Amino acid sequence: MEKKGEDIPLLVAQTGPLNGLRWPLRNSLVIGREPSCDIEIPDRQVSRQHARINLTPNGLLLEDLGSKNGTHYNGLPMETSVLLADGDIIQIALAQQFVFLSSDATLPLDAEGFPAITQTTGMLRLEKRSRRVWVGDREVLPPLSVSQFSMLEILYEHQGLVVSRMDLIKGIWGEDQAVVISEQALDALVRRLRDRIANVDRDHEYIATIRGHGLRLDNPPAEV
């Protein structure tokens, strides 16, 4: 029995066969296809022992166990072990996605056990804590990279308003890095983000360029 107010890290399954299931992370655990794994994912894309979350003195450490189809961390392929932080997204091959929450005390869940979606009347919706994005009823998969989501989040929070290119650069890469980030780097990020959204909806341009001013999120009303 969990003590009231106990601060327990949590792994929440999303977008896959384990949707809605949750695991309190009190000990190290192995994720894979074998029934002997602590978290079994019944999908051939998943290696027998695919990834492991280790309990260490510094926190919870995620490592890929030499899997065939890889583990993604916040949208990027894992090349080395990483310490998990609140809201991190873990993708096991293309089979199962998880979100890591540093505590279950403030977990916002909907009626089906998923992290609550930020409400909006627009076609494009995002859930900030788990970094998930939907266009209509389709989720953008695989998950956006950290920089892609940061850009979309800034535009999302200023819907209908033009955000200057410099404000975007500062918001995505930080004040200290803003002076070394090129316009070309921002343009490349915009193109990649547009392409990711277009994979779900090619009929509408969600990110509009306002020449001489910046970018604006054009989020049409959700279809009824």
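Me: Is D187 buried, partly exposed or exposed in this predicted model?
Reply: In this predicted model, the relative accessible area of D187 is 30%. Buried would require under 20%, and exposed over 50%. D187 is therefore classed as partly exposed.

Me: Which residues of helix α2 are buried, and why do they line one face?
Reply: An α-helix has 3.6 residues a turn, so residues three or four places apart point the same way. Viewed down the axis of α2, the buried residues fall within an arc of 100 degrees, so they line one face of the helix. Their cover includes α1, α3 and α4. The buried residues are L168, I169 and I172.

Me: Which element supplies the largest share of the largest nonpolar core?
Reply: This core has 28 residues, and L124, M151, L152 and L168 are among those with the most contacts inside it. At least two residues each come from β12, β13, α1, α2, α4 and β17. The largest share is six residues, from α1.

Me: At about what angle to β12 does α1 run?
Reply: β12 is an edge strand of an open, antiparallel sheet in the order β12-β13-β14. Four bridges join β12 to β13, and L124 stands opposite V135. Helix α1 lies across both β12 and β13, and its angle to β12 is about 115 degrees.

Me: Which residue forms a salt bridge with E139?
Reply: The closest N and O atoms of this pair are 3.0 Å apart. The partner is R132.

Me: How far apart in sequence are the parts that R52 and E63 tie together?
Reply: R52 and E63 form a salt bridge, with their closest N and O atoms 2.9 Å apart. R52 is partly exposed at 28%, whereas E63 counts as buried at 18% relative accessibility. R52 lies in strand β5 and E63 in strand β6, so the parts tied together are separated by 11 residues.

Key: Residues numbered from 1 in each chain as written. Predicted model: local features only at pLDDT ≥ 70, side-chain atom pairs only at ≥ 80, totals over all residues. Heavy atoms only, no water. Buried < 20%, exposed > 50% of the residue type's maximum accessible area, 1.4 Å probe, protein only. Arc of directions from axis to C-beta. Contact = heavy atoms within 4.5 Å. Core = buried A, V, L, I, M, F, W, Y, C linked by side-chain atoms within 4.5 Å. Pairing = 2+ DSSP bridges. Axes fitted to C-alpha atoms, helices over the stretch in contact; angles between N-to-C directions. Salt bridge = Lys/Arg side-chain N within 4 Å of Asp/Glu carboxyl O.
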